[in-house]
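Hi,

Here is the structure I promised to pass on.

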Amino acid sequence: MDTLIEWLVSAFVMIGGVFALVGSIGLARLPDFYTRLHGPTKATTLGVGGAIVASLLFFSWQERGLQLHEVLITLFLFITAPVSAHMLAKAAMHRDLKRMKGTRGEPWKQ
Amino acid sequence: MSRLLDRVLPFPSLSLILWLAWMLLSGFTAGHALLGAVLAVLLPLTTRPFWPNVPRIRNLPRMFGFVVVVLYDIIVANVSVAIKVLGPLKSLRPGFVEFPIELDDDFAIALLASTISLTPGTVSADVSQDRQTLLIHALDVDDPAALVAEIKQRYERPLKEIFEC
């Protein structure tokens, strides 16, 4: 049983780590502000999600009882992440930042 | 009696969430249950002016279905966005897409916009003054009309049924 939990926890830590890494790579690689906005907002969902599930499993196993602190992190993250992304996008449109070549559609005038 | 209950607990679900959050943070003991209950009553009362008419959830089973769909979409879309971010960037077709909103309630619109931002590949950038249009930035969009149709079917319709607005 111990090994099974250890494998599961490791798997979730790895998944979370990989997605957080991809989010950061996106931040570095993507060409303009608007596309870069997609990297980190996504890394927070699955990247942090993986770490949270791992932590939940590990501590529930260690303390022999359900530990649910982590659920709150997810909740707060899901409330705050879209708001900050929205404010960043609005600020970008307000400053009329340049878009990558081939972007379709127009941002609104602020 | 129900008038009195309304006055003490203007937002029962908010109070419940606050109480649960307190219990999760500080552990399930009788003392914290009491302290949490006091806070769950006081906080909504003191912050009441900041909560302009929040709609009631009319369809609870639909709400759970919606949460499951969104969590599933977050996982699936995360993988596809990860592949796009690591792949050749030249083939990305980003775009601004205008989404005609059919919801009538500010709170429901805020939930829709947040859902769009949480699912990878799309970020809601702005909402028009008249609350009729949502501006979405998509990382890679092939057919804007298809994206709008998908959001309508997967997120907007359930929200409309949940809040009946």
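Let's start with a helical stretch: residues 73–93 of chain A are 100% helix and 0% strand, and their end C-alpha atoms lie 30 Å apart. Helices here are DSSP runs of H or I with at least four residues, strands are runs of E with at least two, and both are numbered from the N terminus.

Some housekeeping before the rest. This is a predicted model, in which local features need pLDDT of at least 70 and side-chain atom pairs count only at pLDDT 80 or more, while totals for chains, interfaces and linings use all residues. Residues are numbered from 1 along each chain as its sequence is written, and chains are lettered from A and ligands numbered from 1 in the order in which they are written.

Residues 12–31 of chain A come out as 90% helix and 0% strand, with end C-alpha atoms 30 Å apart.

How far should the 28 residues of α1(A) span at 1.5 Å a residue? The answer is 40 Å, and the end C-alpha atoms are 40 Å apart, which agrees. (The expected span is 1.5 Å times one less than the number of residues.) The buried residues of α1(A) are A:Phe12, A:Gly16, A:Phe19, A:Val22, A:Gly23 and A:Gly26. Buried means 20 or more other C-beta atoms within 10 Å of a residue's own, exposed means 12 or fewer, and partly exposed is in between, with C-beta atoms placed from the backbone.

Now the contact between the chains. Chain A puts in 36 residues and chain B 30 residues, where two residues are in contact if their C-beta atoms, placed from the backbone, lie within 7 Å. On the chain A side, α1 (2–29), α2 (33–36), α3 (38–62) and α4 (69–94) each supply at least two residues, and α4(A) gives the largest share, eleven residues. That side of chain A divides into 20 nonpolar, eleven polar and five charged residues. For the bookkeeping, Ala, Val, Leu, Ile, Met, Phe, Trp, Tyr, Cys and Pro count as nonpolar, Asp, Glu, Lys and Arg as charged, and the others, Gly among them, as polar.

Which residues have the most contacts inside the largest nonpolar core? They are A:Ala89, B:Leu112 and B:Ile136, in a core of 39 residues. A nonpolar core is a set of buried Ala, Val, Leu, Ile, Met, Phe, Trp, Tyr and Cys residues joined through C-beta atoms within 7 Å. The elements giving two or more residues to this core are α1 and α4 of chain A, together with α4 (60–86), β1 (95–100), α5 (106–118), β2 (122–127), β3 (133–138) and α6 (144–163) of chain B. Its largest share, six residues, comes from α5(B).

The 13 residues of α5(B) should span 18 Å at 1.5 Å a residue, and that agrees with end C-alpha atoms 18 Å apart. Among its buried residues are B:Ile109, B:Leu112 and B:Ile116.

B:Ile136 sits in strand β3 of chain B and is buried because 26 other C-beta atoms lie within 10 Å. Leaving aside neighbours within four places in sequence, B:Ile136 is in contact with B:Val97, B:Phe99, B:Ile116, B:Thr122, B:Ser124 and B:Ala125.

Next, α2(B). Its 15 residues should span 21 Å at 1.5 Å a residue, which agrees with end C-alpha atoms 21 Å apart. In α2(B), B:Ser15, B:Trp19 and B:Trp22 are buried. They cover an arc of only 60° around the axis (taken from the directions from the helix axis to the C-beta atoms), so they are on the same side of α2(B). An α-helix has 3.6 residues a turn, so residues three or four places apart point the same way. On the other side of α2(B), B:Ser13, B:Leu16 and B:Leu25 are exposed. The cover over the buried residues of α2(B) includes α3 (30–46) of chain B. Just after α2(B), B:Gly27 takes a positive phi of about 95°.

B:Arg131 is in the loop between β2 and β3 of chain B, and it counts as partly exposed, with 13 other C-beta atoms within 10 Å.

Cheers
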